[in-house]
Amino acid sequence: MMYKRAFLLAFFLFVCGYHSNAQTDINGSFENIDAKTSRPKGWTYGFNKTQESTYPTKLDSLIKKKGKYSVSIEKKEDGEGYSVIESVISENYKGGTIDLVGYMKTEDVAKGFAGIWLRLDGEGGRTLKLENMQQQAITGTNEWKQYFIKLPYEGDVRSIHFGGLLAGEGKAWFDDLEIYIDGKKIETLKPRALAAAERDNEFNKSSKIQSFIPNQQQIKNIAVAGQFWGFLKYHHPSIAKGDYNWDGELFRFLPSVIAAKNNAELSTALEKYLDKLPPIAACKSCSKTSRVSTSKPNYGDLLRGKVLSPSISKKLSDILKNASIKENYYVAMNDGVGNPKFQNERDYEDMKYPDAGYRILSLYRYWNMINYFFPYKYQVDEDWNKVLYDFVPQFLSAENDLGYNLAALKLIAKISDTHANLWNKHGILDQYKGMNTAPFKATFIEEKLIITGFYLDTLGIKNKLKIGDEILTINGKKVGDLVQEFLPVTAASNYETQLRDLPKAFLLRTSKPTMALGFKNEKETFDLEVPMVNIRLTYKNIDYTKPKGYHLLNDKLGYVYPAKYKNTDLNDIKKLLKIQMG
């Protein structure tokens, strides 16, 4: 129960704890009292009414560490497993570490724990760091003691949440909570001034662009606008300074782009917006090609005069020649490594199914990141500008969250990089694939899907199947046909790696308790309804990965596993495999 309670605690801290009580005085000693509520200013109690009634809080003037008051939380009735007191600092600061220091006293705490807690949230309330003293497990009765929490103050921290908590039974008092950034009290620090890009929140919830089926001209319009948007993002000094929320600006000029009936109208729409940006002065010290990327970008249709008018193409060329950018609000290079770090990108993670404008934004972001910063872009099988054109209708035609995820995964797979993939908190792809898989491991060997080990002998599966059996069909479909179906959404560096990942990623995944498979062995072909297991079991050890680096499959066949082979195993290998060394 304690672990379940702790999980719920972390869950509620994440989904329910986003408030906006901006304050400089954190009132950590609870001395500043609201005359109307008779409670400390800047503090909230519990995340819902049930928590408030289950764990009532009290401003205590008798039991305190310093000053006039402390605040207590006490379990009084059934209903919830925990509750908190919480304060929020919504300003931004510069720093490397953050410390929460506070006093706590406990009485008869059991079936849970008491502690102080600290959480750092990013854009949209996304949790970046959380520490709630669960591991310290403070229980029982304890006199006043000072406790400490330290976290790295890194990433795009938008708000600091802190307070005290009680999970389980008993009572806890809290007093004299203080926050330090890099060793300095937060009250003494000046909040970081927000960039203009951070203050522009007009389109946070919607792009105001409805779904539509694009014609050929609109596909071209949107593709060229994507090149235009990315070019300015990484070349225009005002955008690089953070003077514009570049996502929001897209939604300001995109409607006129979509409405353009020909190339001339497209040029007019883009040039009209470009002229609204601050002009760039001539830069004598700039190189002819301002280096804003780690690869050679392809400027597509922007500069060659085949789609856009000579007027706007010249203006873009002038920006390219004269852009003097030392730092970019949206991207930086990691020290000592030199790879890009994309920063200040709003994640909009609550958009399970983004509207049409945000789907276009998603395509633009990824396409331009690859265009400007992927060192192997010119090894991609297709021209990267053509990829942009091809995916405009695919992103726009995604009718639901699954369609959007599959379109994004298909785009990611285009760069043929095993490290690039798609994960999200909504679990859309896991729902599509299913969280069950076969109780055995299957590997492609000479393009045949072969059983190579067992995770679990469920319902006597080892008596029905053997290592070396080939899988011919899955739910009535040939394995080869399924491979071709799922290759486009299998992100990997080459075909062999795609085959390695396909069984666990797609082929042998289901939400059903069984899967109809067709097999072939040395004697026969046969069908079997195979019981499935939870995919988490596949992280357990299986037959062919036993500690020894060699294994005998049968009286005719054995193997040596190089990843585990040791020279000291040689004599045993010779005996087991009956190798005659001459």
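Me: What makes strand β5 and strand β7 (residues 138-152) a pair, and in which sense do they run?
Reply: Two strands pair if DSSP finds at least two bridges between them; β5 and β7 have 11 bridges and are antiparallel, so they are called paired. Strands here are DSSP runs of E with at least two residues, and helices are runs of H or I with at least four, numbered from the N terminus. This is a predicted model, where local features need pLDDT of at least 70, side-chain atom pairs count only at pLDDT 80 or more, and totals for chains, interfaces and linings use all residues. Residues are numbered from 1 along each chain as its sequence is written, and side-chain values use heavy atoms, with hydrogens and water left out.

Me: Which residue of β7 stands opposite Thr 97?
Reply: Pro 152 does.

Me: How many bridges join β5 to strand β8 (residues 159-181)?
Reply: There are 19, and the two strands run antiparallel. Asp 99 stands opposite Tyr 180 in β8.

Me: Why is strand β5 (residues 97-121) called mostly covered?
Reply: Buried means under 20% relative accessible area (exposed is over 50%, partly exposed in between; 1.4 Å probe, protein chains only). In β5, 20 of the 25 residues are buried.

Me: How do you know what span to expect for helix α4 (residues 216-235)?
Reply: The expected span is 1.5 Å times one less than the number of residues. With 20 residues, α4 is expected to reach 28 Å, and its first and last C-alpha are 29 Å apart, which is close.

Me: What caps the N-terminal end of α4?
Reply: Asn 215 does: one of its side-chain oxygens lies 3.1 Å from the backbone nitrogen of Gln 217.

Methods:
Polar contact = N/O pair within 3.5 Å; in protein donor to acceptor, adjacent residues only side chain to side chain.
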